[in-house]
Amino acid sequence: MVEKEKSVDYFLTEDQQMIVETAWELTKNKILPARAELDEKNEFATAIMKDIARADLFGIFIPEEYGGFGGGCFDMVLAMEQLARGCVGVATSFAACALGIYPVMIAGSRELKEKYLPRIATGEKWAAFGLTEAGAGSDASGVKTTAVLDGDHWVLNGTKQWITNGGEAQVYSIVALTDPKKGARGASIFMVEEGDPGFSYGKKENKMGIRSSATRELIMKDCRIPKDRLVGRKGTGFITVMRTLDLSRPGIGSLGVGLAQAALDESVTYAKQRVQFDKPIIAFQAVQHMLADMATQLEAARALVYAAARHIDAHAKKISKVSAMSKVFATDMAMKVTTDAVQVLGGYGYMKEYPVEKMMRDAKILQIYEGTNQIQRNVIGQELNKEYAG
Amino acid sequence: MEIIVCVKQVPDTKDVRLDPDTNTMSREGVTSIMNPFDRHALEEAVRIKEEQGGRVTVLSMGPPQAEEVLREAIACGADAGVLVSDRAFAGADTWATSYTLVKAIETIGNPDLILCGKQAIDGDTAQVGPGIASRMGRPYVTCVQKTREVGADHIVVERMMDDGYDVVRLPLPALLTVVKDINEPRIPSLKGKMRAKKAVITTLGAADIGAEEQCIGLAGSPTQVVKVFSPEPRGDRAVFTGSVDEQVDRLVECLKPFI
């Protein structure tokens, strides 16, 4: 892979540069050599996740008092972009750990934070986010998993579907109805741990892409957990979910940016080498214009993702709109850029020996998870409606 | 356990070009890296420290910019870095280099273990490690591909040979030079990088280590590099084309007179 000069200077601080370098070193040395085989075998990237832990990357967003780096959304975006240049499956597994523990950071008691954050920071424990169910995808309020208080325990019943890191993580934040009659105001979040009685996993899914990420059902059958595993106040579950997604969406945008960067790098390198009609194909305007559009859209997406992350880190009051914008734009861009990359590489692009077909397969999920790009547009539209209210 | 790892900053040989006019290496725009074998030596030292407890100090003889590899080493788990640097060290061959490093080591302390990479990728002599050990009267093993056992007063290692490996037991204090097979070096961690940024690198000059003038640098070097050149290609060249069978037949015809 060709190391090139950054196209645009975003005036990163020394600490931010360090994050970028550390994540890229890991990608270059550990992810690039392993990604094709993990994809082929549908194998979880256990060894790489342990390398990520050793590099202290899991602790980026954890406050210093709990053993983390004390960084914010932008620091996570920087790390995830570099990991995604290697493999979006690995980067997704990394992102899901943050997603899975954000509820504790946002709404958890001090005891809950002390219990979980230090070991997430070291990467000793991995987390996962359990919201989606067979009947509750875009319509998250369709959740049917219940939690009933029985003495000193909550008893959970229900099944979560398509959970990233399912079966690999040790700590799960589960959204369950504590008061089914109250609808959206009747949900709460609970921390369920591997080994809790009545908690088990379904089979591993066989996916189109991000195959180095493990996706499984979570099954709770009279799953008993101690009372103190409730995150925040009863009934505030969906508020915490929305705040969690607002924080994590720019990260998904950065996966799109990193993925598209990798696809662009492959495309330009190939176009300079491939000779047809006595010229390298980059000499033809048709190809050049494709590459120009890819590069321009990529840079625009990067700028928007960085702006959204910085806006969030500045503790702005309203973050939903820009967060959704960064996710929808960068992921639609990544789908287009990776598809174009396969086109630029032509026949070679279609073959598994070359990395771009995997990139195209990996890109698709970015438009679907963490809120489909249709839901993102809903969020943006609703925010616009509120902003311009007379 | 006190461990010292000797590291060298070298040009990244992928980038090296020969200046045709001066017949020396063109250093312009060439990136400097930690000698790859030393990276493995450092990793082994850090692993031993993690298992046995103790301290890892990295030591380098070089110009002021060699401080970069010492910081890199700290980011990868070393506890402290010492740079031994002085104009008077310039032009040193492996004899003067091992002298200088020994004086520096003796100034730092009395390490249980000294680890070095097998050889530097610019000099390729593989002499400095054995040179240090011999001057210090320490037992040493080169080409170590694995450390099997580390005790308070002994170490057991595997020495790579052409046809297999030997298992060798040495008393401590000792010196080892290592090959790349010994381990997979870790990526520098974020916390490591922060430590490296804040670390104070001790710099020692010739006087600080009590080095005698006639033993260091050019003055202390029995060997000198007189000329570096790319050999001119000699003789006729021929290119065979055709099918593999045809090419092999032609090649055999060419070789027959020499058999």
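What share of the contacts in chain B between residues at least 6 apart in sequence join residues at least 24 apart? The share is 69%. Two residues are in contact if their C-beta atoms, placed from the backbone, lie within 7 Å.

This is a predicted model: local features need pLDDT of at least 70, side-chain atom pairs count only at pLDDT 80 or more, and totals for chains, interfaces and linings use all residues. Residues are numbered from 1 along each chain as its sequence is written, while chains are lettered from A and ligands numbered from 1 in the order in which they are written.

**View 1. Chain B as a whole has 6 helices and 13 strands.** Helices (H or I, at least four residues) and strands (E, at least two) are DSSP runs, numbered from the N terminus. The C-alpha atoms of chain B fill a box of roughly 65 × 45 × 40 Å, taken along the principal axes. Of its 259 residues, 37% are buried. A residue is buried if 20 or more other C-beta atoms lie within 10 Å of its own, exposed if 12 or fewer, and partly exposed in between; C-beta atoms are placed from the backbone.

**View 2. Strand S12 (residues 174–178) of chain B is largely enclosed by the rest of the structure, because 5 of its 5 residues are buried.** Both faces of S12(B) are covered. On one side sit B:Ala174, B:Leu176 and B:Val178. On the other sit B:Leu175 and B:Thr177. In a regular strand the side chains alternate between the two faces of the sheet.

**View 3. Strands S8 and S9 of chain B both pair with S12(B).** Two strands pair if DSSP finds at least two bridges between them. Strand S8 (residues 113–117) runs parallel to S12(B), joined by 5 bridges. Here B:Leu115 stands opposite B:Leu176. Strand S9 (residues 140–150) pairs with S12(B) in the parallel sense over 3 bridges. There B:Tyr140 stands opposite B:Leu175.

**View 4. A:Ala187 lies in strand S5 (residues 187–193) of chain A.** A:Ala187 is buried, because 28 other C-beta atoms lie within 10 Å. Leaving aside neighbours within four places in sequence, its contacts include A:Val143, A:Val175, A:Gly237 and A:Phe238. A:Thr236 is 49 residues away from A:Ala187 in sequence, yet the two are 6.4 Å apart in space, C-alpha to C-alpha.

**View 5. Where chain A meets chain B, 12 residues of chain A are in contact with 7 residues of chain B.** On the chain A side, helix H1 (14–31) and helix H3 (46–54) each supply at least two residues. The largest share, 6 residues, comes from H1(A).
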